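This report concerns the protein shown below. Please keep the sequence and the structure at hand while reading.

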Amino acid sequence: MAPPRSFQSLQDLWYPVCVSSVVFIFLDILCVTLLIPKAWKEPFQNSTPRWSFYSCIFCQATLMVPLGFVVFGYEHGWDYHSLISSDAPSRTSTIFAFIIIGYMVKDLWYCKTDIELVFHHIGVILTNVWCLLEPGMPHAFFMFCTSILEIGSLVNNLVPFARTDKEKILVNTLNVAFFSAGHLLGLYWCYHLYFESSTSFWFRNLVVPEGLGIMFVRHYLVFKRHNALMKEMEKKPE
């Protein structure tokens, strides 16, 4: 597969980022106005429409999780050393990054009631743009790690749909397990980026602390919710 045209400036990224964002926004508007039932538009959690959860789950299950494995398997033949030694965006990893960016732009509307999520989405957009521009960036490895982290996010979006105590315990336990596994891989990616990649001083010294901070907050919140649930279960009569 031929490599994509290299991105030298933000101007090179402007068109594909706009196209991806417009496509996601258009499809979301189409689904909301024509396809989804009225009940899905009602507030669900934190005044967020139920549809936003279905949208997240669908995009994560069909795009964000599978595409990381496509990058690994299709472009690198499941060769781990080939994956981590790549130092420029490949065609598939680039497309994956544009999908992530477009999805995050579309989802900003649903995050408007949660300022922390707004900043998270903006951070993801800016980080993916910078990763596409940074020379020496192990981009394929980055996108595969993104896919693994999205497995945790996918399970996290299933948590509100658990109804019985057994379902709540099961989904929350799976959530902790997938987040933990994803963060271990994320920690290795941070190590690889900082000590083994040929990226610039400022890139690695800004992106690595950012990644570590995001993973710490995610991990803390997931464990906090799981521990609160377990304490709640302990208080219930047998």
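**Confidence.** The structure is a predicted model. The protein has a mean pLDDT of 90, and 97% of its residues reach 70 or more. Over residues 1-5, the pLDDT is below 50; in the model this stretch has 11 contacts beyond near neighbours in sequence. Where pLDDT is low, the predicted coordinates should not be read in detail. Among the elements of the protein, helix α4 (residues 91-107) has the highest mean pLDDT, at 95, whereas the lowest, 81, belongs to strand β1 (residues 43-45).

**A charged pair.** The count of salt bridges comes to one. Its partners are the side chains of Lys106 and Asp107, with an N to O distance of 3.6 Å. Side chains of opposite charge can pair when their charged atoms come close.

| Residue | Relative accessible area | State |
|---|---|---|
| Lys106 | 6% | buried |
| Asp107 | 5% | buried |

Both residues count as buried because their relative accessible areas, 6% for Lys106 and 5% for Asp107, are under 20%.

**Helix α5.** Helix α5 spans residues 115-133, a run of 19 residues. From its first C-alpha to its last, helix α5 reaches 27 Å, close to the 27 Å expected at 1.5 Å a residue. The buried residues of α5 include Val118, His121, Gly123, Asn128 and Cys131; Val124, Ile125, Thr127, Val129 and Leu132 are also among them. What covers the buried residues of α5 includes α1 (10-35), α4, α6 (139-158) and α8 (201-235).

Key
Residues are numbered from 1 along each chain as its sequence is written. This is a predicted model: local features need pLDDT of at least 70, side-chain atom pairs count only at pLDDT 80 or more; totals for chains, interfaces and linings use all residues. Side-chain values use heavy atoms; hydrogens and water are left out. pLDDT is the predictor's confidence in each residue, from 0 to 100. Helices (H or I, at least four residues) and strands (E, at least two) are DSSP runs, numbered from the N terminus. Contact means heavy atoms within 4.5 Å. A salt bridge is a side-chain nitrogen of Lys or Arg within 4 Å of a carboxyl oxygen of Asp or Glu. Buried means under 20% relative accessible area, exposed over 50%, partly exposed in between (1.4 Å probe, protein chains only). The expected span of a helix is 1.5 Å times one less than its number of residues.
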